[in-house]
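Hi everyone, thanks for coming. Please bring the structure up on your screens, and I'll walk you through a few places in it.

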Amino acid sequence: MSGDRFAELLEHLKRRHIPFTVMWELTHRCNLACLMCYNVSRSQPELSTQECYDILQQLAEAGTLRLALTGGEILLRKDFFLIANRARKLGFALNLKTNGTLITPAIADQIAALTPFRVDFSLLGANPQTVKRIMGGRDTLNKILNGIRLLRERDVRVSAHTLLMALNVQERREIARLATEMDAPIYQVFNISPNDEGIPNSQGHQLTQEHISHLLAEDNSPVQLQSTDPDSRTCAVGLHSCLIDPYGQVFPCVELRILAGDLRAQSFAEIWRGSATLQELRESHTLGHFETCCSCVLRPYCVSRCSGLAWKEHGDLYGAHTLACQQAQARFRQIHSEQFSPHTLWLSSLPASPKPLHSPIPLFDP
């Protein structure tokens with residue numbers, strides 16, 4: 001399908017509010033200990049195999065086509081291939097997200113048999129010591145690279161994702177080279193997200209605005225100016241995608257942990273069509289409702305504003321958040337290198353040392 005036709009399909013699905021894409025965290029258990037991990041495990045039991053089968057059937061009936069299975073580490077679920085094979089029989093296009101360290105030749109064969117449209121890896125360094133410091137584990141980098149190679153030998157499409165931070169930014173070109181050598185498209189991002197309870201994870205590792213400005217200028221990354229139309233949306237949250245966690249709870253997206261419903265108490269259709277949270281996002285998530293952002297002179301340069309990150313930072317779905325403002329300033333400077341980037345209203349209102357969140361943000365009622 002051509003890019004234009006696919007874009008038209010997505011717009012059609014958004015208008016009809018069909019849950020085209022669902023991300024499902026099958027487990028929060030992991031064999032690594034990444035310092036920026038945002039998952040918060042709970043004491044309640046994860047969904048059983050049969051509960052997963054039932055949810056897959058409900059998603060198929062709701063019109064879901066693309067299913068991203070993630071964790072934690074998906075391969076720690078002993079029934080992972082039972083669930084994934086059932087998903088393929090129901091016709092889902094599978095996107096698998098794994099750290100890759102548990103992939104053996106036999107597991108690679110099983111993944112290849114699923115014919116996933118892509119398997120995503122995290123590649124957070126080019127030096128074994130850097131990767132160990134960020135992700136923990138033993139011989140982690142070599143295990144990740146071996147996992148990628150095993151899948152590429154079986155013609156499985158893969159991609160490498162890098163969260164750039166103070167610990168690995170000096171290795172970013174080497175990281176990209178490693179990915180290119182293995183025929184893995186590389187995606188690099190800057191945001192270190194708070195965890196699911198809103199507690200900061202950056203621990204001083206988040207890149208500064210100056211670092212980001214330098215990287216954007218060095219790469220000469222294209223800047224697509226954003227709409228300032230009050231009716232435009234900053235993202236598609238609530239329109240055609242959502243997140244399911246390991247316990248059957250449904251959220252608008254991976255960053256926005258406002259409870260939409262519980263699949264152990266309601267059907268997916270009831271949640272998707274009847275959730276007050278999702279209804280609000282569909283009706284009100286337009287620029288005109290973001291008072292600070294709508295009037296901001298840097299709005300055309302702001303490509304990373306996220307309601308989930310804003311909510312985690314200061315409890316306001318419709319407010320700005322610091323990282324987005326800083327990155328908008330960096331993109332302004334990329335285009336207007338001879339000018340000082342203007343301060344946003346949000347950054348100007350911050351105290352010299354913003355108070356971090358130290359307690360969980362309560363969930364909204366479903």
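Let's begin with Gln249, which is buried, at a relative accessible area of 11%; buried means under 20%, exposed over 50% and partly exposed in between, with a 1.4 Å probe and protein chains only. A word on where this comes from: we have a predicted model, where local features need pLDDT of at least 70, side-chain atom pairs count only at pLDDT 80 or more, and totals for chains, interfaces and linings use all residues. Residues are numbered from 1 along each chain as its sequence is written, and side-chain values use heavy atoms, leaving out hydrogens and water.

Back to Gln249: you'll find this residue in strand E8, residues 249-251. Strands (E, at least two residues) and helices (H or I, at least four) are DSSP runs, numbered from the N terminus. Setting aside neighbours within four places in sequence, Gln249 is in contact (heavy atoms within 4.5 Å) with Arg42, Leu243, Ile244, Leu259, Gly261 and Asp262.

Now for the nonpolar cores, meaning sets of buried Ala, Val, Leu, Ile, Met, Phe, Trp, Tyr and Cys residues joined through side-chain atoms within 4.5 Å. Which residues have the most contacts inside the largest one? They are Trp24, Leu67 and Phe80, in a core of 75 residues. Helix H6, residues 140-153, gives the most to this core, with 6 residues. Another core lies apart from it, with 8 residues, including Leu164 and Phe190. In soluble globular proteins, nonpolar side chains tend to be buried together.

Let's zoom in on Leu67. Beyond its neighbours within four places in sequence, Leu67 has contacts that include Trp24, Leu56, Phe92 and Asn95.

Last stop, Pro342. Look for Pro342 in the loop between H13 and helix H14 (345-349). Is Pro342 buried or partly exposed? Its relative accessibility is 27%, so Pro342 counts as partly exposed. Again leaving aside neighbours within four places in sequence, Pro342 is in contact with Val297, Leu298, Gln329 and Phe332.
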